[in-house]
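Colleague: Please take a close look at one part of this model, the nonpolar core, and describe what builds it.

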Amino acid sequence: MITKEATEVAPAPVRETPEPPRSVKHRRSWDEVPRWQIYTPLSIYLVFTIIPFYWIVLFALRPAGSTSLVPWPITFDHFKKVWTERAFGTYFENSVYVGLATLVMTTLVALAGGYALARFDFKVKNAFMLALLCSQFVPGALLLVPLFEIFAELKMINSLGSVIIAETVFQLPLSMILISNFIKNVPYSLEEAAWVDGCNRMTAFRIVVLPLLRPGLIAVGSFAFVHSWNHFLFALMFLNNQDKQTIPVGLNTLMSADSVDLGALAAGGIIAAVPVVIVFAFIQKWLITGFSAGAVKG
């Protein structure tokens, strides 16, 4: 006779959950971090970032000779002075022309070279990539003398074209490497499918690949524009006439060995910075996407 006790099922043994490794057990998520540990360093960094900008705005907007820490009464005399008397209007036009021309030339040449590096295999490909990387260690000052000799032979001294060519050559290696990484992230099968549909290589690149490269092209183009906008050495070396100079050289003319017009210098600095800030405000999303896409190979 089977008893009731015999028919009862014994409970299953309880398994002990193994403890996570010590590194995982003691790892804290962002939600567990006290707010002050996040906001305190960010606030300190923000203060050190904002104070120089506030100081520039203060000198640019307060009257000459004033020592007030608040720009009141506000005056725009310094801006009028640098724009008219110091020819900053001409400097601004020259900088825009050089920046846009450098942007276009750098993007087009880097696009062609980057596509070749991404899609074709040739014997000296690795050596060529190494040469591009090594060229980034060469400072621009070392290129001044040979470039000056070349432009002098070509009768291009005191021409904006010389600055545009120099800026393009100086920025091509990095731009070509970035573009090649962007193209590698585009599946090669998309181009092959376009070839099957009857497109040649150029048409497939224009229809399939080029639209997908928009974030990368914006990133490379904006980098080229900002670098040429801020670059000082090439414009100082190759441009002599005042009506050919750019904004960095114009800012340098506001300082002399005897005195410095701080109000005019601050106003000129704001004029030089505002266009770049506006450009980055509009392309911020594309810039972050582009650089993150070109950082790794897909």
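Modeller: The largest nonpolar core has 21 residues, and those touching the most other members are A60, F79, V82, F88, W229, I247 and L251. Such a core is a set of buried Ala, Val, Leu, Ile, Met, Phe, Trp, Tyr and Cys residues joined through side-chain atoms within 4.5 Å, where buried means under 20% relative accessible area (1.4 Å probe, protein chains only). Two or more residues each come from α3 (35–61), α4 (77–85), α5 (88–119), α11 (214–230), α13 (247–253) and α14 (262–295); helices here are DSSP runs of H or I with at least four residues, numbered from the N terminus. The largest share, seven residues, is given by α14.

This is a predicted model, in which local features need pLDDT of at least 70 and side-chain atom pairs count only at pLDDT 80 or more, while totals for chains, interfaces and linings use all residues. Residues are numbered from 1 along each chain as its sequence is written, and side-chain values use heavy atoms, with hydrogens and water left out.

Leaving aside residues up to four places away in sequence, W229 touches F92, S95, V96, I247, P248, A272, P275 and V276, contact meaning heavy atoms within 4.5 Å.

Definitions and conventions
Buried means under 20% relative accessible area, exposed over 50%, partly exposed in between (1.4 Å probe, protein chains only).
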